[in-house]
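Today I open my notebook to look up charged side chains. I will write down each thing as I find it.

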Amino acid sequence: MKTPYFTVKDIIQITGITKRALHYYDKTDLLKPSKVEDNGYRYYDQEALGNLQMILLFKEMNFSLKDIAAMMQLSKDEQKDILREHRSTLVQRKQKLETIIDQLDEYVDGANISHLHLFDDSSILSIEEQYESEAKFIYGDTEKYQEFEANVSLLSVEEQEQAYQQFSVNMEQVFRELAKHQDLSPASGEVQSLVYEWKSCLEQFMVCDDEILRCIAEAYTMDRRYVGYFGITSGTVFAMLIAPNS
């Protein structure tokens, strides 16, 4: 009959844990050897092996080593109470991961980053809210932005949301149509008709003259977020928006 004690090598073979991890558990008092010989060799009994298996189980369940050390001092019933609560946390995390995967797929398939909902359950502002904060930071002291804010404030929250959603849809449609005409002259009738449609979208919220249009178009040209979204270079579609007679 084999000895009831296991060497470090035995423990590694039985559990798959690394020698470094086992020594670390010893150093931090998470799992001490059952006995240490004069020559420094560590030995573990069956109870220690059982404790190690519980530690590895808790670690796989995403508990920190600090939490595991505390749990190892509890009774089995107390451990189970913690595990039941932890299960709820894992379910929430699973749902969050599923959302992240879905949003990742949508983004890879071409969805605008502003349409993603990764931050819905987060203290981080949504991408749309970040864009709004950014715009206010940059343009907040201008007459046009104050005109925009004044017009938006006349709408209810529900009306604002509907207006923004429709605005986003209309803008995407215009820019995608512009992309189809990027080989035409900016002064062509087809392009100018789309630029007028783009201007009409903007004028839901404020009056736009040629200078304002060029300013916005230049922002699209310089900001890689917009260029990346449309998947075209700044010298094509956005040149149409900045061009004379636009």
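I start with a definition: a salt bridge is a side-chain nitrogen of Lys or Arg within 4 Å of a carboxyl oxygen of Asp or Glu. Before going on, I note that this is a predicted model, where local features need pLDDT of at least 70 and side-chain atom pairs count only at pLDDT 80 or more, while totals for chains, interfaces and linings use all residues. I also note that residues are numbered from 1 along each chain as its sequence is written, and that side-chain values use heavy atoms, with hydrogens and water left out.

**Entry 1: the count.** How many salt bridges does a search of the whole structure find? I get six.

**Entry 2: a pair in a helix.** I looked at Lys 180 and Glu 177, whose side chains meet in a salt bridge at 3.1 Å, N to O. Both sit in helix 8 (residues 157-180), three residues apart, so about one helical turn separates them. For my own reference, helices (H or I, at least four residues) and strands (E, at least two) are DSSP runs, numbered from the N terminus. I then checked accessibility, where buried means under 20% relative accessible area, exposed over 50%, and partly exposed in between (1.4 Å probe, protein chains only). Lys 180 is exposed at 61%, and Glu 177 is partly exposed at 27%.

**Entry 3: a pair between elements.** Next I found Arg 42 in a salt bridge with Asp 26, with 2.8 Å between the closest N and O atoms. Arg 42 belongs to strand 3 (residues 42-44) and Asp 26 to helix 2 (residues 19-27), so this pair ties together parts that are 16 residues apart in sequence. Is Asp 26 buried or exposed? I find Asp 26 buried, with a relative accessible area of 8%, while Arg 42 is partly exposed at 25%.

**Entry 4: a network.** Which residues are linked with Arg 42 in a network of salt bridges? I wrote down Asp 26, Asp 29 and Lys 32.

**Entry 5: one more pair.** I also looked up Glu 37 and Lys 35, which form a salt bridge at 3.6 Å, N to O. Glu 37 is partly exposed at 34% relative accessibility, and Lys 35 is partly exposed at 32%.

**Entry 6: a helix residue.** Last, I turned to Asp 105, which has its place in helix 5 (residues 76-108). Asp 105 has a relative accessible area of 39%, so I list Asp 105 as partly exposed.
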